[in-house]
Amino acid sequence: MTDEQLAWDFDAMMAGGGESGNTAVPALVADEGITHLAPGSEAWIAALTPTDADAVRLDRLDVDTLNAENAARLWARVAAWVESDQIAYYIDDAPVSSDAAYDARLRCLQRLEAAFPALDNPQSPTHRVGGTFSNDFTSVRHPSRMMSLDDVFSIEELSDWYDSVIRDLDWPEGKALPMSCEVKIDGLALNLIYRNGVLEQGLTRGDGVTGEDITLNVRTIGSIPANLGGDKSDIPEFVEIRGEVFMRWDDFHELNREQEDAGRAPFANPRNAAAGSLRQKDPRITATRRLSFYAHGLGTLRWGANSAGRHDQVNDQSEAYALYEKWGVPVSPHNRTVTSFSEILAMIDYYGEHRGDIEHALDGIVVKVDDLALQRTLGATSRAPRWAIAYKYPPEEVNTELLDITVQVGRTGRVTPVAILKPVYVAGSTVARTTLHNPSEVKRKNVLIGDTVVVRKAGDVIPELVGPVLERRKGRENELREFVMPERCPSCGATLAPAKEGDKDIRCPNVESCPAQLTERVISLASRKAFDIEHLGDQSAIALTNPEENRPDSVATYAPNITEILVKPGEEPEPYEPVEGLQLPERQTPVLSSEAGLFALTAADLRDVRVWREAPIIEIHETVGANGRKKKTRKRVGGSGLWHQVPAFWTAPAPAKKLTAKQLAARAGAETTADDVAVTAYPDYDVPADAVVVRVEHKKTRAGETDVPVVVRPGENTRKMFDEMDKARHADLWRVLVALSIRRLGPPTARLIASSLGSLDAIEEASVDELTQIDGVGPEIAESVVHWFTAAKEPGDWRGETLRAWRAAGVGVAAAEKSTLPQTLAGKTVVVTGSLEGYSRDSAKEAILERGGKAAGSVSKKTDYVVVGANAGSKATKAEELGIPMLDEAQFETLLETGEV
Ligand SMILES: [Zn+2]
């Protein structure tokens, strides 16, 4: 068979494939390429390339002649190409393959999946023809383990490590030991798996043994090649390339400007921005985020038959980097190979001084023994290799001005002084405020409002105000003033006081209805550590509980029609003059006056909720792009001090879209249901079932006159928020406990209590004694829990209201109702100690809970039975002392079944 024939057959087949004649199919021409290999053989599959010529070959291949192994091999290779084509076409809007080649590859996958049904899975690109993408984040085992590095924080520790390497290697004195010195990127580790040069998978580090599959998102990162480049004989059969995904400073600043322009909260630092972008379910979002990648490690590497003789192995870390560069995989330009400790110190000094000058955030210097054979000799501990170390720079300290000290009311009413700082960049993020904990801390730190202060931050840690720069006070004494703790709550006006005599913390006693406390409680109950209600974050919580936050004091700063102010660079906006007779809108009553009503909310309740927003000042810059065309870019320069209201949960009124002929036809075919009332009123327009028509606009068009419905509907995030709230009704019991905002009770203890007592009813009735019997529950927490539930029983108490309302909505009852087993152990307390054969510690507990019993952690007089397994310790002794019946595993099973022994 000749290549000409191939091309001819291909065209003939395309023409005969039912395509309408006017679609020109570009002719594909096969080349010399892989003609010497048997089609469908392992070598043939490995040698395929993403070219038009090889797409022709795929189309000609009779998949029925393949064995299952080669079919899987071919599928993986072609699927990777189809997937990157889909990303390029649907998401990046920059196709890399011809349509004909893409179609040929897709057909090949479909034929493989038809012949070998095991290859057809829901994640196959054949199911994404319409351009719908979603990451499923499945856990995947790394072919070889991804270790993390040990950190050192001083030159002494680094020197100790260096000496230990020299000693362990028995390295001759005076002989140079090459090491690779690298800038430590503050990003996220990624494992890239290439098979025969094709990117097959991208995995997060996870726990180092298994990571999450984020391949779709990885494919959107421009600098990560879909196919390794360079000479074919340099491409291995299999390689794991490790590296770091990060966001460059310029991309990070740009992203934050966009976030702010769109009214969204900016990211704290590039690492958070990169992490958030990489963990998106929808790769379209990741694609807009301009992520970068530098390779810095090597996992498994296998050379295939193609490269035999040329690469037995890669000998050095730096040799691996050289290969990466040949393949088109980016490597940090800051890497240096050094041969002495003083050169390592020089690198540390250099980047210590230039931390702010390079393209990305960095937090240290990584030093690695370069020779891979020596790396193997040194080996690893259980968590980290011995041949590498990360030197972390000390916390960065910067000076800034302390503009003011205000107070903030927390979730449990604690009122904390907060330092308001002139925004300053420190260790990777802008710091504009930081907590001062309590009034005595302000005194202890000896800071005055107006001081120049030192702010410190290490890595991701919360910034800390260290203290004042005293020499800067000279001559400015008159401008400084002392902080005075207010006597009244800034949110509700209640008189502040310590909860108990001698407490350092000052509290607002108005727990039930203080808006600040309620907002914080709603934020907290929706957070990941409680109900995990996505889209109920800070902004939504404020809108629900305190929509008048940021309300202007007078009409002087109320500008209902100004949503942004555009200026030329350097220009000041015109002064604002409110129109005659302008009045502030009426105050809104919050839709939530306590968290009790949360689960009874409906989308309709939120229709008219508005929040205050400040109009930003935006500079319009005109630049000339690379193509010579004028381009306008927007730059947010700050707030204008003018405020307007915007709908918090529903969309702004907008004309409904006219249905296309196709949609109309589809609708005519579908059966009309009761939900479609709005549809029948405006048959030509897309009016969703949850939309409300607020007015009708009469329009004249070329086609004639028409009435266009103007609609509002719950915004996309609001609809998702309600879906999430429905899910939260069935949340695990420990999450319900955390959501109640009981002081001192966090997720770890809530889990212990929930798994031991099993139901909200049991927890409600538990005494301090019973609670402290649970391993890991201390008396303070126990008292706090009992105090909360006791207060809840008072008539009219808001806590009781919350419990009642949540129960009525089905929250917290699911766990107890889940069990369909006979409640043989109702009212009985059982302790399990030692190891059983048929049960793990947790499954034994569960078995007890499912039958209505309590699984306590320690033995007391109230214990009914103690189940004693192998290697039981003090609990068995204690049971014997107290004369409590002790059961073996067989008796335990009888007890579970019958409630007796
Ligand atoms: Zn208050």
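Two strands count as paired when DSSP finds at least two bridges between them. With that in mind, let us walk through this predicted model.

## A sheet of three strands

Three strands, in the order β21-β25-β24, make up an open sheet with antiparallel pairing. At its edges are β21 (654-655) and β24 (692-701), each of which pairs on one side only. Which residue of β25 is the bridge partner of A654? The partner is V711.

## The whole chain

Now step back to see the protein chain as a whole. The chain holds 29 helices and 29 strands. Its C-alpha trace spans about 95 × 85 × 75 Å along the principal axes. Of the 901 residues, 32% are buried. Contacts also tell us how the chain folds back on itself: taking those between residues at least 6 apart in sequence, 66% join residues at least 24 apart.

## A sheet of five strands

Another open sheet has five strands, ordered β2-β11-β10-β3-β9, and its pairing is mixed. Its edges are β2 (151-152) and β9 (336-338); each has a single partner strand, so one side of each has no neighbour in the sheet. Strand β2 is joined by two bridges to β11 (residues 388-392), and the two run parallel. Here V152 stands opposite Y391 of β11. A helix joins the picture too: α12 (residues 341-353) packs on this sheet and touches β3 (179-185), β9, β10 (362-369) and β11. The direction of α12 makes about 165 degrees with that of β10.

## Two pairs of packed helices

Two packed helices are described by the angle between their axes and the distance between the axes. Here are two such pairs.

| Helices | Axis angle | Axis distance | Crossing |
|---|---|---|---|
| α4 (residues 68-91) and α5 (residues 99-115) | roughly 140 degrees | within 9 Å | left-handed |
| α15 (residues 515-526) and α16 (residues 538-545) | about 135 degrees | 9 Å | right-handed |

Start with α4 and α5, whose axes cross at roughly 140 degrees. That angle makes α4 oblique to α5. On the α4 side, the contact involves A71, L74, W75, V78, A79, W81, V82 and D85, which meet Y102, R105, L106, C108, L109 and L112 of α5. Sorted by class, this contact has twelve nonpolar residues, two charged residues and no polar ones.

Next come α15 and α16, which pack at an angle of about 135 degrees. These two helices are therefore oblique to each other. From α15 the contact uses P515, L518, T519, V522, I523 and A526, while α16 supplies D538, A541, I542, L544 and T545. By class, eight residues in this contact are nonpolar, two are polar and one is charged.

## A close look at one residue

Let us finish with A750, which belongs to helix α21 (residues 747-757). Is A750 buried or exposed? A residue counts as buried if 20 or more other C-beta atoms lie within 10 Å of its own. A750 has 26 other C-beta atoms within 10 Å, so A750 is buried. Leaving aside residues up to four places away in sequence, A750 touches W734, L737, V738 and L745. Take V738 from that list: V738 and A750 are twelve residues apart in sequence, and their C-alpha atoms are 6.4 Å apart in space.

Conventions
Residues numbered from 1 in each chain as written. Predicted model: local features only at pLDDT ≥ 70, side-chain atom pairs only at ≥ 80, totals over all residues. Axes fitted to C-alpha atoms, helices over the stretch in contact; angles between N-to-C directions. Helix = DSSP H or I, 4+ residues; strand = E, 2+ residues; numbered from the N terminus. Parallel < 35°, antiparallel > 145°, perpendicular 65-115°, else oblique. Left-handed = near helix turned anticlockwise from the far one by under 90°. Contact = placed C-beta atoms within 7 Å. Nonpolar A, V, L, I, M, F, W, Y, C, P; charged D, E, K, R; others polar. Buried ≥ 20, exposed ≤ 12 C-beta atoms within 10 Å, placed from the backbone.
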